[in-house]
Amino acid sequence: MASDPLYITNSITIAGWELVEQFIRASGPGGQNVNKVATSVQLRFDARSSPSLPERVKSNLASLAGRRMTKDGVIVIEADRFRTQERNREDARDRLKALVVRAAAPPPPKRRKTKPTKGSIERRLKAKASRSGIKKLRGSVNPE
């Protein structure tokens with residue numbers, strides 16, 4: 001169990017009891033130490049039933065997490081980039097934080113409809129007319 005809360009934004013904080021850390025043996029850098037010490041971290045966060053997240057963030061997380069989210073709504077992040085358990089633990093927490101920050105970002109503004117300018121309409125019609133003229137010249141030649 002992770003004891004420290006994870007501060008995402010001013011309004012979103014994930015309590016420590018919601019995060020479950022499991023330490024497993026890692027593949028990757030570490031030499032013989034990898035074979036002896038469980039340095040890899042598996043961080044689990046039940047996003048679907050979390051009281052810390054608003055509904056909009058939960059639905060965004062489901063689409064952003066992809067394969068990292070199980071069918072039960074649990075986000076699983078595995079970190080084994082570093083040689084020490086402590087740095088892998090920080091890495092997993094940082095990756096979860098980045099994911100939730102992306103999900104909590106406000107939606108982009110709606111697209112404003114714009115009219116084409118008079119000049120752009122004229123240029124488009126002129127280009128169409130010239131292209132049409134080029135294609136008319138491709139016709140068969142009269143044998144006169």
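This is a predicted model: local features need pLDDT of at least 70, side-chain atom pairs count only at pLDDT 80 or more; totals for chains, interfaces and linings use all residues.
**Entry 1**

I began with the strands. I found an open sheet of three strands in the order β3-β4-β5, with antiparallel pairing. β3 and β5 are the edge strands; each has a single partner, so one side of each has no neighbour in the sheet. I noted an average twist of 20 degrees from one strand to the next.

I then checked the pairings. β3 and β4 are antiparallel over six bridges. Two of the bridge partners I looked up are Val41 of β4 for Phe23 and Arg44 of β4 for Val20. β4 and β5 also pair in the antiparallel sense, over six bridges. There I looked up Gln42, whose bridge partner in β5 is Glu78.

How many of the seven residues of β4 are buried? I got five, so β4 is largely enclosed by the rest of the structure.

**Entry 1: helix α3**

Next I took α3, which covers residues 85–104. I looked up its course and found that α3 lies across β3, β4 and β5, at about 140 degrees to β5.

I checked the length of α3 against expectation. Its 20 residues should span 28 Å at 1.5 Å a residue, and the end C-alpha atoms are 29 Å apart, so the two values agree.

I listed the buried residues of α3: Asn88, Asp91, Ala92, Arg93, Leu96, Leu99, Val100, Ala103 and Ala104. An α-helix has 3.6 residues a turn, so residues three or four places apart point the same way. I looked up what the buried residues of α3 pack against, and the elements are β1 (6–7), β2 (13–14), β3, β4, α2 and β5.

**Entry 2: the nonpolar core**

I moved to the largest nonpolar core, which has 23 residues. Those with the most contacts inside this core are Phe45, Leu53, Leu61, Ile75, Leu96 and Val100. The elements giving two or more residues to the core are β4 (40–46), α2 (55–65), β5 (74–79) and α3. Which element gives the most? I found that α3 does, with six residues.

Setting aside neighbours within four places in sequence, I listed its contacts as Leu43, Arg44, Phe45, Ala47, Leu61, Ala65, Arg68, Met69, Leu96 and Leu99. For context, nonpolar side chains tend to be buried together in soluble globular proteins.

Glu21 is in strand β3, residues 19–24. Is Glu21 buried or exposed? Its relative accessible area is 10%, and the cut-off for buried is under 20%, so I put Glu21 down as buried. I looked for a side-chain partner and found Arg89, joined to the side chain of Glu21 by a polar contact of 2.6 Å.

Asp91 is in helix α3. Its relative accessibility is 9%, so Asp91 also counts as buried. Not counting residues up to four places away in sequence, I found that Asp91 touches Ala79, Arg81 and Phe82.

Key:
Residues are numbered from 1 along each chain as its sequence is written. Side-chain values use heavy atoms; hydrogens and water are left out. A nonpolar core is a set of buried Ala, Val, Leu, Ile, Met, Phe, Trp, Tyr and Cys residues joined through side-chain atoms within 4.5 Å. Buried means under 20% relative accessible area, exposed over 50%, partly exposed in between (1.4 Å probe, protein chains only). Helices (H or I, at least four residues) and strands (E, at least two) are DSSP runs, numbered from the N terminus. Contact means heavy atoms within 4.5 Å. A polar contact is a pair of N or O atoms within 3.5 Å; within protein, one must be able to donate a hydrogen and the other to accept it, and residues adjacent in sequence count only if both atoms are side-chain atoms. Two strands pair if DSSP finds at least two bridges between them. Axes are lines fitted to C-alpha atoms, for helices over the stretch in contact, and angles run from 0 to 180 degrees between N-to-C directions. The expected span of a helix is 1.5 Å times one less than its number of residues.
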